[in-house]
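Here are a few exercises to work through with the model open beside you. Try each task before you read its solution.

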Amino acid sequence: MVVDKMNHDIGQRIAQGLARIGIAQRQQAWAAGSERNLTPTQAQMLSQLASAGPLRLKELAAQLAITPATASDSVRVLVEKKLVSKKAAATDRRAVELGLTAAGRREAKRVAQWPDFLVQAIDVLSMEDRAAFLRGLVKMIATLQERGEIPVTRMCSSCKFFRPHVYRDVNQPHHCDFVDAPFGDGGLQTDCPDHDAAPEARRRELLQVFVNGQPATS
Ligand code: SF4
């Protein structure tokens, strides 16, 4: 009975643990941002433009799960600071795309170093624990993405090249068609430059196979 209760509560304790990490990360982001006069949202924008840019305002807002109005305010400040520039989109000269200036690229590199305090904490985990942790995180993020609660990002679970659980080898059960190679949970990507989004129906199927280790039944 006691064991049942402990198992029942484990989800709640994981949620509490993640919330504590989230609080620590926000505190760290505010502290680091205030040194450079950036809000966490402005810092995230630089980071997102560095990894996925150039982007239109609506795309940037959607990727950060903020409203276009909030995005517009932050972009205005970043343009004033000469960290972000606006230019005509390559595919449609009437549309405007946001990109990083040289100073913005330097700042984005510094911003990327903020999670270092988390990386140091993760370093105490064994390789096995890290792979299991990453697998769990990717499953959680992918599930939230499929429910529309957070934006879809460039993770294996939504990539057309991902083939989860195609091998019996527990160390390398997945395959990436892009590099045509097997890989394990420790190799799951959360922001892959080679990511190519799978169609929605295929994404749902990939998630089902990845989470359950078997194809969807319906
Ligand atoms: S291309 Fe990148 S995101 Fe896609 S399956 Fe391969 S490693 Fe994962």
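Let's call a residue buried when its relative accessible area is under 20%, exposed when it is over 50%, and partly exposed in between (1.4 Å probe, protein chains only). This is a predicted model, so local features need pLDDT of at least 70 and side-chain atom pairs count only at pLDDT 80 or more, while totals for chains, interfaces and linings use all residues. Numbering starts from 1 along each chain as its sequence is written, and side-chain values use heavy atoms, with hydrogens and water left out.

**Exercise 1. Get the overall picture.**
Work out how many helices and strands there are in the protein, and what share of its residues count as buried.

Solution. Start with the elements, taken as DSSP runs numbered from the N terminus (helices: H or I, at least four residues; strands: E, at least two). Next, the extent: the C-alpha trace spans about 60 × 40 × 30 Å along its principal axes. Finally, burial: 28% of the 218 residues count as buried.

**Exercise 2. Take the largest nonpolar core apart.**
Find which of its 18 residues touch the most other members, and which element gives the most to this core.

Solution. A nonpolar core here is a set of buried Ala, Val, Leu, Ile, Met, Phe, Trp, Tyr and Cys residues joined through side-chain atoms within 4.5 Å. Among the 18 members, Met45, Leu46, Leu49, Leu60, Leu78 and Val84 touch the most others. Two or more residues come from each of helix H2 (40-52), helix H3 (57-64), helix H4 (68-80), strand S2 (96-100) and helix H5 (102-112). H2 gives the most, with 4 residues. Now zoom in on Leu78: leaving out residues up to four places away in sequence, Leu78 touches Leu38, Gln42, Met45, Leu46, Leu83 and Val84 (contact means heavy atoms within 4.5 Å). A second, separate core has 14 residues, including Cys159, Leu188, Leu207 and Phe210. As background, nonpolar side chains tend to be buried together in soluble globular proteins.

**Exercise 3. Look at H3 and what follows.**
Explain why the buried residues of H3 are on the same side of the helix.

Solution. First list them: Leu60, Ala61 and Leu64 are the buried residues of H3. They are on the same side of H3 because they cover an arc of only 100° around the axis, the arc being that of the directions from the helix axis to the C-beta atoms. These buried residues pack against H2, H4 and S2. Then step past the helix: Ala65 follows H3 and lies in the loop between H3 and H4. Its phi is near 55°, a positive value in a residue other than glycine. Most residues other than glycine have a negative phi.

**Exercise 4. Check another positive phi.**
Is Asp180 buried or exposed?

Solution. Locate Asp180 in the loop between strand S4 (174-176) and strand S5 (181-183). Phi of Asp180 is near 50°, again a positive value in a residue other than glycine. With 57% relative accessibility, Asp180 counts as exposed.
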